[in-house]
Amino acid sequence: MEYSRMISAISDADGDGYTNEDDFIRLALKHAVFFCKGGYFKDIYDTYVHSFQKIWAALAQEADTNQDGVITFHEWYAYINSLRSQVRSYEDLPEHLRELIEHHFNDYDSNRDGQVDINEYRLYLCGRNMDLKMATQCFESLLSAADKAKGTINKKRFCSLVYDFLFSTSPNSEGTFICGPLNGVKRSAIDVYAHMAGVS
């Protein structure tokens, strides 16, 4: 189940197989560090933490079905499935999911120019211990005709690809490789959890 990779990437900051508020605070601090280029500016850090706490609160309200402060893989999976009949495009997603995906774009866009190129895609895969042999082929499969002229993916296109990855039922969907080669990563804690839960 490839949902596990996306869920791990966008919300399981410590890789323990589930999502809680602490993960979102960790994500906030990581994004603040990158934004500040390693510096510390309390107001900026506080802004990021507040933003991610708001996202967590909205997400937990909808996805944490037993309200125990933890979103398990089963709860994530059920939440995504519950949205299938309600959404037809990225723009239809709840605001907190769109914000989370847009923050995830920054994990790829290392130079903050609003575009992701092949080098940044490789860096992302490398940072997640993925096999780089198929990186170029995977990246090129994500490019639209307009993207190919520039060799980059902008934020709007990226978000659309993530939506496609999460919601398309086609094995050849455009977003298939947005998280990298499907078999090119070592099993993370959440992948193991998904396998044990019978949904991988």
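This is a predicted model: local features need pLDDT of at least 70, side-chain atom pairs count only at pLDDT 80 or more; totals for chains, interfaces and linings use all residues.

**Entry 1: R112.** R112 has 33% relative accessibility, so I put it down as partly exposed, since partly exposed runs from the 20% limit for buried to the 50% limit for exposed. I found R112 in the loop between α5 and β3, the latter at 115–116.

**Entry 2: N129.** Which loop holds N129? I traced it to the one between α6 (118–127) and α7 (135–142). N129 is not a glycine either, and its phi is positive at about 60°. With 45% relative accessibility, N129 counts as partly exposed.

**Entry 3: salt bridges.** Next I turned to charged pairs. Side chains of opposite charge can pair when their charged atoms come close. How many salt bridges are there in the model? The count comes to six.

I looked up K30 and D107, whose side chains meet in a salt bridge at 3.0 Å, N to O. K30 belongs to helix α2 (residues 21–35) and D107 to helix α5 (residues 95–108), so this pair ties together parts that are 77 residues apart in sequence. K30 is partly exposed at 29% relative accessibility, and D107 is partly exposed at 22%.

D46 and K42 make another salt bridge, at 2.7 Å from N to O. I found both residues in helix α3 (residues 42–63), four residues apart, which is about one turn of the helix. D46 comes out as partly exposed, with 39% relative accessibility.

I then checked K133 and D131, which meet through their side chains in a salt bridge of 2.5 Å, N to O. Is K133 buried or exposed? K133 is exposed, with a relative accessible area of 70%, whereas D131 is partly exposed at 30% relative accessibility.

I also noted a network of salt bridges that links D147, R157 and E174.

**Entry 4: α2 against α5.** α2 and α5 pack at an angle of about 45°, and their axes are 11 Å apart. The two are therefore oblique to each other. I logged the crossing of α2 past α5 as left-handed. On the α2 side, the contact is made by F24, K30 and H31, and on the α5 side by L100, H103, N106 and D107. I sorted these contact residues into two nonpolar, three polar and two charged. K30 and D107 are on this list, and they are the partners in the salt bridge of 3.0 Å.

**Entry 5: α2 against α3.** What is the handedness of the crossing of α2 and α3? I wrote down right-handed. The axes of these helices come within 8 Å and cross at roughly 145°. The α2 residues in the contact include F24, I25, L27 and F35, and those of α3 include Y45, Y48, F52 and W56. By type, the residues of this contact divide into 16 nonpolar, two polar and one charged. F24 and H31 of α2 take part here, and I had already listed both in the contact with α5.

Notes. Residues are numbered from 1 along each chain as its sequence is written. Side-chain values use heavy atoms; hydrogens and water are left out. A salt bridge is a side-chain nitrogen of Lys or Arg within 4 Å of a carboxyl oxygen of Asp or Glu. Buried means under 20% relative accessible area, exposed over 50%, partly exposed in between (1.4 Å probe, protein chains only). Axes are lines fitted to C-alpha atoms, for helices over the stretch in contact, and angles run from 0 to 180 degrees between N-to-C directions. Angles under 35 degrees count as roughly parallel, over 145 as roughly antiparallel, 65 to 115 as roughly perpendicular and the rest as oblique. A crossing is left-handed if the near helix is turned anticlockwise from the far one by less than a right angle, and right-handed if clockwise. Contact means heavy atoms within 4.5 Å. Ala, Val, Leu, Ile, Met, Phe, Trp, Tyr, Cys and Pro count as nonpolar, Asp, Glu, Lys and Arg as charged, and the others, Gly among them, as polar.
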